[in-house]
Amino acid sequence: MSREPRRNPDHARKDLAAFEFFYRTNYQSVSRYVLRRLPLDSHDDVVASVFVVAWRKFHSCVNPSLPWLYRIASFEVAHERRRLARRPNMDSVRDWDIVSVQPSLDDNDLGVSFRQLSTSDVELLRLLFVEELSREDAAMVLGCTTGALNVRLHRARTRLIDTMHRVSWTPVDIETMTEDIKEAP
Amino acid sequence: MTAKDENETLRSLLDNTKTVEVDVASTREDAIWSTVLERSTQRSKHRRRWQLVGSSAFVVALAGGLTGGLLPAMTTSSAAATLLHKAAALDASSANLPVLGPGDYYYESSSVQMFCSFNGPSTPSDPIPPSFLYIATGNRNTWTSDVGGVVDVAVNPTGVGGSNFATPADKAQWVAEGEPENACNPDGSSTGKPGGFSYYGGFGFAFQANSSQQSDAGEAINQLPANASTLGQMLASGEINQNGTTSSTPQVCPWVMNAPGAAVQPTQPVAPPGSPTGCSPTQETQLIVALLQLPDASAKLGSTLYTLLAQTPQAALAGTTTVNGVEGSVVTLPLGANETLSVVIDPTTGTLLQCTVTFLNQMDVETGKVVPMSDVITYGSISVVHGAS
């Protein structure tokens, strides 16, 4: 609203234009990331919060990227879960029910197996299989080294196989899945 | 089950995003973008407020890519809100004006156009005096600092810079009446025949024609909150006067009445005892318009004022216009039933180019037809000068 060119007056405009492009490019991915982890009611507020934080750090971030946004989103999702957990009549807020939205898989043994995994294991597998991040990018999101991520992936895979054994998966299915997970990105 | 099938099964199981939810989320992209801009503005304002206290921080404003791919799919209202939020965000993140040294002022020279109405003399046989509509043009020069300043408005004489009667009928009747004194043209000649009551429309105290007056805008504006929500509440409760000063308690809306502490408007009545306090949304917008006329307010609170205007449901994007060779985007807002406000913003630099209030119910003296009249301020650039003169 000023009427005088300021020092480097184009910087803010260019930054905002660049950030809007960044927003438009990554909105769908961040939106889906949030939808997979929180109730729909939380979607707008959390997605907005992610990009507000991103805007504040946009100037100082060396390489703004989708994994960087996922990293911000992971904190916002955790914050929202804590907020929801404090609401009356809610025992807890778990990871957004991965089975209920796929009724056809509700009785699927794989679904049963996944429900027995920890949230962190599911998060790891989800980043690799659904968000389709590389191991390096997934490690960035989770705030660990790629080596640590490999270890966590190995353990998650082991726990997944163990849970499969406790349900009625056939050995062939388990072997196939295990190989698949081993080769995952 | 093949490895590929397994992979797809794993992915589908983990991807618990309902199709319908994704569709809903897709439609929220623009709305969330507006929210991001608004929140960014509000948060950064807290930081900037401290800069303002010490140094007259400032601003830029604006928006780029106005007519790009985003807007065609939006309503004019949402497009206006998006533009204003974007302008607010840029405003909040822009560089500041230079810090003033002792005796320094921000100087701005703006061109103005304002409609004026004056009466001829009344006589015993004709107790209802004739009324004439006139358009005055001129310059408003302001010197402002944190501790106040000076506002000087110089009106062009008739025939210079567009100053003239609003319609040929107005001039013809004025001649027929013996060319009584035209108080709207203080520099012009007249027959000396006394005229009657006159007033300038529109922009309030900042446009006292052909006068030089002290302004406490700089000091007052520094005391206003930069948070849009807080400022909006103060406007709603009638605590902010047209010159940016505040009342410590809620009062009759200063726009309507000469509330205690408000800038005195000779043409406005004094609020009767027992009048309700607070301002209506339309009156709030009127006050925002008044604040926009103050160089310090529009500069220091630009982001906040943009945010408040963006919250006005009737704000609409009304195309583009050219101001001094610069193409700007026009946002319009209704001001009650008989007035409209439009602001012109340069979408490439963020500059507020022009502000116009149009009065829809002025009447042609001869035909009786309504003649829209506009008050226009076309902003100049701001520079730092030493001394106010």
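**View 1. Chain A is helices from start to finish.** From the N terminus on, the elements of chain A run α-α-α-α-α-α-α-α. That makes eight helices and zero strands; helices are DSSP runs of H or I with at least four residues, strands are runs of E with at least two, and both are numbered from the N terminus. Of the 185 residues in chain A, 39% are buried (20 or more other C-beta atoms within 10 Å of a residue's own, with C-beta atoms placed from the backbone). This is a predicted model, where local features need pLDDT of at least 70, side-chain atom pairs count only at pLDDT 80 or more, and totals for chains, interfaces and linings use all residues. Residues are numbered from 1 along each chain as its sequence is written, while chains are lettered from A and ligands numbered from 1 in the order in which they are written.

**View 2. A:E132 sits in a loop of chain A.** Look between helix 5 (119-129) and helix 6 (135-142) to find A:E132. Though not a glycine, A:E132 has a positive phi of about 55°. Most residues other than glycine have a negative phi. A:E132 counts as partly exposed because it has 13 C-beta neighbours inside 10 Å (partly exposed lies between the buried cut-off and exposed, which is 12 or fewer).

**View 3. Helix 7 of chain B has a buried face.** Which residues of helix 7 (residues 228-236) are buried? They are B:A228, B:L231 and B:L235. Just after helix 7, B:G238 takes a positive phi of about 75°.
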